[in-house]
Each structure stands twice: as C-alpha cells, then as structure tokens.
Amino acid sequence: MMNGSLDPSKGILLCGPIGTGKSTLMKGLQKYESLVNRYAFAFSRKDLGFAFVSAAEISLRYAEQGIDGIMRYTQRDGAIGLCIDELGREPSDAKHFGTGLNVIQTVLQLRYEFRYEYCTHATTNLELNDIPARYGIYIADRCKEMFNIIHVDGDTRRK
C-alpha cells in the first residue's frame, strides 16, 4: 500500500494469524458486492461479485479432474472474480494420475495475466516472507501488483 490508500484496480490479500476474521471479512465483502449488484444494477454488472473457494478445494479439483478442474478458476474458462481462502493450507504438490502440480501457484500465475480485468482476492495465515518458498519468487513478486496487502492482527476470535 502506498500512503495508506488502497488501489481499487487490485484485489485484496488478507494476511494474519489464525482466527482473526480474514475469511469472515471476505465473505462479508462477497455478500455486499452481491447485494449491490442485485439492488443497484439488477444483476447486470458481470464485474461485481466473486466466487469464494478454499485453496484446498481447488487442489482437490485438480487431483480429481486434472487441469480441466482448475480452469474454472482462471480467466480462460470464464472466471470473473475469485477469493482463494487459506492460501498455504493446500497440498503443495497435488497429483492427478501421478502428475504433480503446485495448483495455487498455477492459478495465481494464470490469473495474473488478467489482473486488470478480473479481481483476485485471497486470505492466508502465511507471512509475506513465506510466500516465495511456497509459490516461488515469480508469484511472490506479482502479489505486489495483484493485491492490496492488508494485515489483520489480533488474538483468535474463536471461542
């Protein structure tokens, strides 16, 4: 972030400890965008709203269906907005019939190509300096261009 302001052309990456409400905040934003689209635009704005999917689920789709299973999360197959929940919690090497792939790295790489047209959001418990080891320096560097990075600190809110 520059000067404490957010860039509206970027998605949001919420980082912080477990239980601080990152997923809840993103689900609230998802609901808000859906209501705005419904009431203000009669569902005519295709650029509003986003899917909310865990990184583990995306990896499982690859394991079950191969590359076809993850194409729905990239622009190539009509994906618009996407929030990837819990980056770093998925298996780092998902396998489809023995072919291993860092699925989230691939999804982020493909979505980077359309970063100015379609928003990508994410939540993670990873520290920013852990992202290069998990997804490679290529993706870590592009996170600065794809996301407004916001730290959500505090103690767990779960009881």
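Tyr32 is found in helix 1, which covers residues 22-41. This is a predicted model. Is Tyr32 buried or exposed? At 54% relative accessibility, Tyr32 counts as exposed, because the cut-off for exposed is over 50%. Tyr116 comes 84 residues away from Tyr32 along the chain. The C-alpha atoms of Tyr32 and Tyr116 are separated by 21 Å.

**The whole chain**

Now the overall picture. The protein chain has six helices and seven strands. Read from the N terminus, the order is β-α-β-α-α-β-β-β-α-β-α-α-β.

How does the radius of gyration fit a compact globule? For 159 residues, such a globule would have a value near 15 Å. The protein chain has 16 Å, which agrees. Along the principal axes, the C-alpha atoms fill a box of roughly 45 × 40 × 35 Å.

Of the 159 residues, 40% count as buried. The accessible surface comes to about 9100 Å². Carbon and sulfur atoms hold 53% of that surface. Contacts reach across the sequence: among those with a separation of 6 or more, 78% join residues 24 or more positions apart.

Charges come next. The chain carries 20 positive and 19 negative side chains. The centres of the two sets lie 5 Å apart.

**Strand 3 and its partners**

Strand 3 spans residues 82-87. Five of its six residues are buried, so strand 3 is largely enclosed by the rest of the structure. Which strands pair with strand 3? One is strand 2, residues 51-54, which pairs with strand 3 in the parallel sense over four bridges. Another is strand 6, residues 120-124, which runs parallel to strand 3 and is joined to it by four bridges.

Ile84 of strand 3 takes part in both pairings. The bridge partner of Val53 is Ile84. In strand 6, the bridge partner of Ile84 is Ala122.

Helix 4 covers residues 103-112. Eight of its 10 residues are buried, so helix 4 is largely enclosed by the rest of the structure. Those buried are Val103, Ile104, Thr106, Val107, Leu108, Leu110, Arg111 and Tyr112.

Ser59 sits in helix 2, residues 55-65. Its relative accessibility is 1%, so Ser59 counts as buried. What is Ser59 in contact with, leaving aside neighbours within four places in sequence? The list is Glu90, Pro91, Ala94, Val103 and Ile104. Val103 and Ile104 belong to helix 4 and are buried there.

**Two positive phi angles**

Most residues other than glycine have a negative phi. Glu86 has a positive phi of about 60° although it is not a glycine. Phe97, likewise not a glycine, has a positive phi near 50°.

Glu86 lies in strand 3. With a relative accessible area of 33%, Glu86 is partly exposed. Phe97 is found in the loop between strand 4 (94-96) and strand 5 (99-101). Phe97 is exposed, at a relative accessible area of 78%.

**Accessibility of the residues discussed**

| Residue | Relative accessible area | Class |
|---|---|---|
| Ser59 | 1% | buried |
| Glu86 | 33% | partly exposed |
| Tyr32 | 54% | exposed |
| Phe97 | 78% | exposed |

Methods: Residues are numbered from 1 along each chain as its sequence is written. This is a predicted model: local features need pLDDT of at least 70, side-chain atom pairs count only at pLDDT 80 or more; totals for chains, interfaces and linings use all residues. Side-chain values use heavy atoms; hydrogens and water are left out. Helices (H or I, at least four residues) and strands (E, at least two) are DSSP runs, numbered from the N terminus. The radius of gyration is taken over C-alpha atoms; the globule rule is 2.2 Å times the number of residues to the power 0.38. Buried means under 20% relative accessible area, exposed over 50%, partly exposed in between (1.4 Å probe, protein chains only). Contact means heavy atoms within 4.5 Å. Accessible areas come from the Shrake-Rupley method with a 1.4 Å probe; for residues, only the protein chains shown count as cover. Lys and Arg count as positive and Asp and Glu as negative; His and the chain ends are not counted. The place of a charge is taken as NZ of Lys, CZ of Arg, CG of Asp or CD of Glu. Two strands pair if DSSP finds at least two bridges between them.
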